[in-house]
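Subject: Structure handover

Hello,

Here is the structure for you to look through. Please open it alongside the notes below.

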Amino acid sequence: MNETLKRSISGAIYILLLITSILYSTESFFILFGVFLMIAIYEFCNLTQVNKTLPLIAGFLLYSGITLISHYNKITTQTINAFLGSTIEITINIQQMNIILLATTLVVSVKCILFLFYDNIQKISTSSKYLYLFGYIILPFVFITKISFGIKDYNPKIIIGLFILIWTNDSFAYVVGKSIGKNKLFERISPKKTIEGFIGGILFAILAGYLISKYYIKAKPEFSAQSILIWTSIATIVGIFGTIGDLIESKFKRIAGVKDSGNIMPGHGGVLDRLDSVIFVAPIIFLFYQILNYVS
């Protein structure tokens, strides 16, 4: 089969699966990203040469446990209390849990950025591998599910809008870079990325953010300006930190000496290759929503 056709078919299946699961129900969205997480853990363990059994079990338990506690808190706490017996009762403070998880993830994100920019880091210690697994792979998938709720209830438009911004940024960074790109952005890690492409991707993402807020989210007139500001801000975050996330994954692959993180998607590589931007951006978007909620 022609490589371009193969790439187009696998890409279309991925987008169809993604959008269908997001729109169908909260549970289908959680399940799909749980599956994506398991594949991402498997791929990352291959890249860093870590035994897969413990990370897969830990990832499944953490993702399932945190997701259930976060979004079905009343039912989950009742179940836990019933299991523990009437003499012991627990109350799960979701806000405190979110702060701890977010702080941990952001610390690991900073470590990832340092890992990217320090040229002399060509070997990863065992402790760092497990830290990256926890804070760079597992917890960001948890935050992907969290940001789909915005500041209230599950809203599929939020997560679809985020993916549109990421796809817009990636596509136009490539188009602009290929058309007029002359200055390399980070040549030793990703030789094809250019500064012009980076800026072009952000600008088109901001335009997409404006269109999303205006014609897809369709905020009430009194909230229209606020919605535009929120979505153009998210677009800027996506453009900057999505690119950093892509570069970080590229460095992991460069150290491992491979082109793709996996081959589950013909012509596109692995799940990490498709989601490297969103997993790095998700905790920052969640922080952005928390700041908005606090200010409002």
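What follows is a short account of the fold, the core, the aromatic rings, the salt bridges and the surface.

First, the ground rules. This is a predicted model: local features need pLDDT of at least 70, side-chain atom pairs count only at pLDDT 80 or more, and totals for chains, interfaces and linings use all residues. Residues are numbered from 1 along each chain as its sequence is written, and side-chain values use heavy atoms, with hydrogens and water left out.

Overall fold

The protein chain has ten helices and two strands. These are DSSP runs numbered from the N terminus (helices: H or I, at least four residues; strands: E, at least two). Along the sequence the order is α-α-α-α-α-α-α-β-β-α-α-α. The chain has 296 residues, and 47% of them count as buried. Buried means under 20% relative accessible area, exposed over 50%, and partly exposed in between (1.4 Å probe, protein chains only). Take the contacts (heavy atoms within 4.5 Å) with a separation of 6 or more: residues 24 or more positions apart account for 71% of them.

Core

The largest nonpolar core holds 75 residues. Such a core is a set of buried Ala, Val, Leu, Ile, Met, Phe, Trp, Tyr and Cys residues joined through side-chain atoms within 4.5 Å. Tyr136, Ile137, Phe141, Leu162 and Ile234 touch the most other members. Helix H10 (residues 271-295) gives the largest share of this core, 13 residues. Leaving out residues up to four places away in sequence, Leu162 touches Ile147, Trp231, Ile234, Val238, Val278, Val281 and Ile285.

One lysine is also worth a look. Lys146 sits in helix H6 (residues 126-147) and is buried, at 5% relative accessible area. Beyond its neighbours within four places in sequence, Lys146 contacts Ile66, Ser70, His71, Met97, Asn98 and Phe286.

Aromatic rings

There are 17 aromatic pairs. Rings of Phe, Tyr and Trp (its six-membered ring) pair if their centres lie within 6.5 Å; planes under 30 degrees apart count as stacked, over 60 as edge-to-face and the rest as tilted. Phe33 and Phe163 form a tilted pair, 6.1 Å centre to centre with 45° between the planes. Phe33 lies in helix H2 (residues 26-48) and Phe163 in helix H7 (residues 156-180), so the pair ties together parts 130 residues apart in sequence.

Salt bridges

The count is three salt bridges. The rule is a side-chain nitrogen of Lys or Arg within 4 Å of a carboxyl oxygen of Asp or Glu.

- Asp246 and Lys193 meet at 2.6 Å, N to O. The pair links helix H9 (residues 224-256) to strand E2 (residues 190-194), 53 residues apart. Asp246 is buried at 17%; Lys193 is partly exposed at 23%.
- Glu249 and Lys253 have their closest N and O atoms 3.6 Å apart. They are four residues apart in helix H9, so about one helical turn separates them.
- Lys253 and Asp273 meet at 2.9 Å, N to O. This pair links helix H9 to helix H10, 20 residues apart. Lys253 is buried at 11%, and Asp273 is buried at 8%.

Glu249, Lys253 and Asp273 are linked in a network.

Best wishes
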